[in-house]
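Dear colleague,

I am passing on the structure we spoke about, which you will find just below.

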Amino acid sequence: MNASVSVVPIDAAAVQSNPLILDYLPYPPIEEKGCPRRTCLQIDLILLAIEALEIGGSEALLDVARELELQDIIKNRVNLWRLRSTNPLRRGHTRRLLSIVEAKALVVIACHIARRLTVLLRQLLLAYQQMRDKQIPLEQNLRLANYLERFRAHFRSRMNPRRSGVLAYNSDDKLNELALSLLGQLLFCTGTAGTQRLWMSLFDGEVE
């Protein structure tokens, strides 16, 4: 993935007020006060994939927030929902901006869980590769089929079907493609400097 984003020094005040775990993610040199729409969308989809992988995934996000001492940013379930509702495709989309610090916290949490799920991610992607090569329907792998079914259900229940970005995923096959690409992104997070690389990729095309 292209990680050609240039960075600017972290604001001194932010360094004092933000959890240290967020400091190693650079501030993107964007003009907006909050994150671009595409960044909000991508972060929410990654979290949606985690929820499809783990039963009770949203609670796991809050547990990890507490574990990483990010509870001042991700306070509770309602707060988490509000942050994720900055995704412009959501049924309950709000015009509230997702701040850079909030986005950092969500990315750190997602990558922390992804590392915990590394074995599962590898198994699912390997199964997908093998079944595709042999032209076997994905439904014949129970774990992969369960993940894809849950992802499709989560996506359809939470995204606004009147949005053009949602209409693009108007079939099971297209949603499966999206779900599988997100598995690849999650595995990408588990590699060396995966969190930083994912973070910078979220702003590709948004900065000079």
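**Salt bridges**

The side chains of R156 and D172 come together in a salt bridge, 2.6 Å from N to O (a salt bridge being a side-chain nitrogen of Lys or Arg within 4 Å of a carboxyl oxygen of Asp or Glu). This pair links distant parts of the chain, since R156 sits in helix α7 (residues 142–158) and D172 in helix α9, 16 residues apart. Helices (H or I, at least four residues) and strands (E, at least two) are taken as DSSP runs and numbered from the N terminus. R156 is partly exposed, with a relative accessible area of 39%, and D172 likewise counts as partly exposed, at 36%; here buried means under 20% relative accessible area, exposed means over 50%, and partly exposed lies in between, with a 1.4 Å probe and protein chains only.

Before going further, please keep in mind that this is a predicted model, in which local features need pLDDT of at least 70 and side-chain atom pairs count only at pLDDT 80 or more, while totals for chains, interfaces and linings use all residues. Residues are numbered from 1 along each chain as its sequence is written, and side-chain values use heavy atoms, with hydrogens and water left out.

A search of the whole structure finds 11 salt bridges. One of them joins the side chains of E54 and R116, at 3.4 Å from N to O; because E54 lies in the loop between α2 and α3 (57–67) while R116 belongs to helix α5, this pair ties together parts that are 62 residues apart in sequence. E54 counts as buried, at 17% relative accessibility, whereas R116 is partly exposed, at 46%. A further salt bridge is formed by E102 and R96, whose closest N and O atoms are 2.7 Å apart; E102 is buried, with a relative accessible area of 13%, and R96 is partly exposed, at 35%. There is also a network of salt bridges that links D44, E51, R84, R90 and R158.

**Fold and covered parts**

The protein has 10 helices and zero strands. Of its 208 residues, 50% are buried.

Which residues of α10 are buried? Helix α10 (residues 194–201) is mostly covered, with six of its eight residues buried, and these are G194, T195, L198, W199, M200 and S201. Their cover includes α2 (37–53), α5 and α9 (172–189).

**Surface**

The accessible surface of the protein comes to about 10800 Å², and 52% of it belongs to carbon and sulfur atoms; such areas come from the Shrake-Rupley method with a 1.4 Å probe.

On this surface, R37, R91, R95, R162 and R163 form a positive patch. A patch is made of residues with over 30% relative accessible area and no salt bridge, and like charges are joined within 9 Å, with Lys and Arg counted as positive and the place of an Arg charge taken as CZ.

With best wishes

Key. Patch = residues over 30% accessible without salt bridge, like charges linked within 9 Å, V, L, I, M, F, W, Y side chains within 5 Å. Contact = heavy atoms within 4.5 Å.
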